[in-house]
Amino acid sequence: MVLPIYIVDAFTDTPFRGNPAGVVPLEEPIEEASMQRIAMEVNHPETAFVLESGDAYSLRWFTPEAEVDLCGHATLAAAHILWGTGRLPVTRSAYFDTLSGRLTADRLEKGIRLDFPAEPPVEVPTPPQIRALFGSSIVWTGRNRLDLLVELADECAVRSFTPDIPVLESLGGRGVIITAPATETDFVSRFFAPSVGVDEDPVTGSAHCCLGPYWAKKTGRTELVGYQASARGGLVRVVVRNERVDLIGHAVTMLQGEIVRP
């Protein structure tokens with residue numbers, strides 16, 4: 001069987017920036033084990049598998065090590081490929097049925113808009129491992145169903161942090177978000193998810209489902225721009241709408257090929 005595959009840089013309009021995702025459009029279902037092996041071979045933070053199903057598409061996301069419940073950049077990449085290859089008319093919204101419910105993607109003049117669930121954090125005691133890593137620079141600690149969120153005192157503390165991967169992996173959950181107010185955007189962040197095989201994710205749409213509500217509550221504004229300060233870097237525009245958030249960004253197709261599998 002031969003499967004098409006695309007590599008897309010998401011949350012950027014510049015090649016070799018943003019977050020790379022594999023996208024595999026399927027004509028028929030394949031085994032979960034095959035999806036996991038393909039994601040391991042692609043070896044990007046996530047690979048999306050897209051299968052048309054009625055008026056929507058079934059969408060699943062895999063890191064090189066595990067399936068995940070929610071992924072923003074690979075959803076943006078999947079929608080970009082559906083429109084770019086003519087599988088879906090550019091005038092139509094893309095509807096995805098996922099482990100986190102139905103998600104929607106729309107094309108805008110300023111990029112692609114994703115309609116995602118809000119994942120606001122709830123304050124929790126700071127774990128001692130986090131206290132040891134960041135000390136007095138910690139402003140606030142919270143958790144949602146996916147991740148631990150840590151606000152630090154300033155942008156420099158976020159950008160200069162050198163992660164201790166075994167310590168971050170020991171904290172449980174999917175990953176750890178660190179964030180602070182920023183000078184050129186509303187906030188800056190980084191995201192670490194070693195428990196699912198991604199030591200540091202370049203640009204994480206799903207983390208902004210937490211960051212958006214958090215910073216909206218602190219600033220009193222519902223429209224925000226975040227910069228994820230990884231080595232590749234990327235911008236995510238966030239609009240907070242009660243229990244939903246819009247994530248807005250660009251995407252660039254970098255590679256097209258075929259997977260030949262027995």
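Residues are numbered from 1 along each chain as its sequence is written, and side-chain values use heavy atoms, with hydrogens and water left out. Because the model is predicted, local features need pLDDT of at least 70 and side-chain atom pairs count only at pLDDT 80 or more, while totals for chains, interfaces and linings use all residues.

Strands S16 (234-241) and S17 (244-249) each supply at least two lining residues, with S16 giving the most, 3 residues; strands are DSSP runs of E of at least two residues, and helices are runs of H or I of at least four, numbered from the N terminus. By class, the lining has 4 nonpolar, 6 polar and 4 charged residues, where Ala, Val, Leu, Ile, Met, Phe, Trp, Tyr, Cys and Pro count as nonpolar, Asp, Glu, Lys and Arg as charged, and the others, Gly among them, as polar.

Turning to charge pairs, the whole structure contains 15 salt bridges, each defined as a side-chain nitrogen of Lys or Arg within 4 Å of a carboxyl oxygen of Asp or Glu. One of them joins Glu 151 and Lys 218, whose closest N and O atoms are 2.8 Å apart. Glu 151 lies in strand S11 (residues 147-152) and Lys 218 in helix H6 (residues 208-219), so this pair ties together parts that are 67 residues apart in sequence. Glu 151 is buried, at 4% relative accessibility, whereas Lys 218 is partly exposed at 46%; buried means under 20% relative accessible area, exposed over 50%, and partly exposed in between (1.4 Å probe, protein chains only).

Glu 200 and Arg 190 form another salt bridge, with 2.9 Å between the closest N and O atoms. This pair connects strand S14 (residues 198-201), which holds Glu 200, with strand S13 (residues 187-193), which holds Arg 190. Glu 200 is partly exposed at 27%, while Arg 190 is buried at 7%. Elsewhere, salt bridges that share partners join Asp 115, Arg 241, Arg 244 and Asp 246 into one network.
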